[in-house]
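Here's a quick briefing for anyone meeting this structure for the first time. Have a look at it, then read on for the salt bridges, the cores and the surface.

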Amino acid sequence: MSSALFHQKSRTTVRFLADNALPVLTEGKATKGQELSSKEFTAKDTSTSMSKTHHGSSRWSRPHGNDSTEGTFDKWLFVPWSQWYKAWWGVTLVCAGLTAFFETYQIAFGTSAFRDPFDASSIIEYILSFVFFIDIVVNFNLAYHGENHAIVVSRDKIAKNYLQLWFWIDLVGLFPFYAVALGLSGQLGEDNSVTQCLAFLRLFQLIRLYRFKQLFTILQYSMRVSLMWLTLFRNFGVALVWTHFAACFFYFIARQHDFDPDNTWIGSLVEDLNGRERYLTSLYWSVVTFTTVGYGDFSPVNSAEQIWGMVYMLLNMILQAWLIGSITLIIVKGDEETNEYRDTVHILNEYSALHSFDRNFRKRLVTQLKLVYNSREISDEQVLKPFPSSVRRKVLRKIYLQPLLNTSLMKGIREQFVDAFLTTCNVEIFSPGEEILHRGSISSDLYLLVEGVVKLVTSSSTISDNYDTEKENTDPYGTSIADSEMLTEGASLSRLVNAGEFINEIGFFTETPQTDTVRTVTIW
């Protein structure tokens, strides 16, 4: 016998066939009229290694069935995977984005230092502060994933964990540094160069933007979001915030020079513009400079504007390199896969011409190659490669154990043996119409059809490639295809073989010539 499972031999293959590789594996659902193909699993020696890297759970991930709980849960405790908390976190995210635009706008364009405690800007400030104050209270009552994925619901541990870092970050984002500085300096309600410079203390509140880092980390690993669109949205947002910051600083410098018509970039135009138009003009100049268009309608005049212009353009070089590079990486990755496929097809065509392959055979080779490229990234070996051996065995058992136990060959076999049998197998894919076994050949391959259909043809004469003209025999001969030897010598019969049947077990165990020709077929 030649099986590595029963005898020592350098290499033996044990294969499983399954169909719908191309439509099901690449699109998730096959539609009528598509040709399904066949998957083949080839046994080989595999080595496994335990991963030494542990990745923490997502802040929104639900506990697994084997996750433990530390502490006693009460009704006033929040869990990060609840819909309520997700909605609340979304509110804080919107407020953090509003903070980035509002606070920087107030530094440059604000005209009073809390002169009127009930004007629009003061009310917005109160609302933002209230939201982030409530968020601190929520975080003191928010369960979290501890070590070994345990769900920590102990209030003491929650408070201790929050106080280690994130509480102080949130406190810095909430504390009214600007208002305190105005009060201590006696400038509360004044509008002069001192209060305008003290307004830079508002920038401490931009620390709230760390939530966007968490957001994009979550979305980056979410399969429901396109990585291309996520990258474009993120890069556009970064560019918008950056040009907004620059626009505010351009205007702030001109403001410090009292909008001198001869010594500032905006000059006498400021008298003819309202607040909204002043901001749009500043943003326009910032965007034009960022994109290196340079229409020349605005330019820095005084030394401060020139210094900031140089710093801004130098920083733009770094930011633009990152923005363009991140998009290029995604595009290039797709192009590399396409170029690799095209190069392989080109080499295959040269190889076929060298050996004078006929046109139909070339077409079948290209079809098979395309099938492999479309499905290789989601093959069992590729997907399960990062997982330890114990996890791989669980996945393989879940997918293939039941079809194996339902076969006549494996009936009565202990599950431990079947489990070990599965670990020696891997997947290969065949396109429709491929001949897997040829009558009269000796093969040490064992096949199990997991899904789909193949055609078994038994004939003493040479089998024509036009197998569709042969007479089909759908009368079952048991769950073993080897039983087809019962056919009369000289007959030319064929039958369709469905899922749950072994192929070539007699040849596998006895090393005798194959009695049948086996081809993959379509099921429609």
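**A first look**

Asp135 and Arg211 join their side chains in a salt bridge, 2.8 Å from N to O (a salt bridge is a side-chain nitrogen of Lys or Arg within 4 Å of a carboxyl oxygen of Asp or Glu). Asp135 sits in helix 3 and Arg211 in helix 8, so the pair ties together parts that are 76 residues apart in sequence. Helices here are DSSP runs of H or I with at least four residues, numbered from the N terminus.

Keep in mind that this is a predicted model: local features need pLDDT of at least 70 and side-chain atom pairs count only at pLDDT 80 or more, while totals for chains, interfaces and linings use all residues. Residues are numbered from 1 along each chain as its sequence is written, and side-chain values use heavy atoms, leaving out hydrogens and water.

**Salt bridges**

- The structure holds five salt bridges.
- Asp135 and Arg211 are both buried (buried means under 20% relative accessible area, exposed over 50%, partly exposed in between, with a 1.4 Å probe and protein chains only).
- Arg202 forms a salt bridge with Glu125, and their closest N and O atoms are 3.0 Å apart.
- That pair links distant parts of the chain, 77 residues apart: Arg202 is in the loop between helix 7 (193-198) and helix 8 (210-220), and Glu125 is in helix 3 (residues 120-139).
- Arg202 and Glu125 are both buried, and together with Glu103 they're linked in a network of salt bridges.
- Arg255 and Asp191 meet in a salt bridge too, at 3.4 Å from N to O.
- Here Arg255 comes from helix 9 and Asp191 from the loop between helix 6 and helix 7, 64 residues apart.
- Arg255 counts as buried because its relative accessibility is 11%, whereas Asp191 is partly exposed at 34%.

**Nonpolar cores**

- The largest nonpolar core has 29 residues, and Trp265, Phe290, Trp308 and Tyr312 have the most contacts inside it (a core is a set of buried Ala, Val, Leu, Ile, Met, Phe, Trp, Tyr and Cys residues joined through side-chain atoms within 4.5 Å).
- Helix 9 gives the most to this core, with 10 residues.
- Apart from it lies another core of 17 residues, including Trp88, Phe102, Phe132 and Phe167.

**On the surface**

- Met310 lies in helix 11 (residues 303-354).
- Met310 is also one of the residues in a nonpolar patch on the surface, whose members include Ile307, Val311 and Leu314.

Notes:
Patches are made of residues with over 30% relative accessible area and no salt bridge: like charges are joined within 9 Å, nonpolar side chains (Val, Leu, Ile, Met, Phe, Trp, Tyr) within 5 Å. Accessible areas come from the Shrake-Rupley method with a 1.4 Å probe; for residues, only the protein chains shown count as cover. Helices (H or I, at least four residues) and strands (E, at least two) are DSSP runs, numbered from the N terminus.
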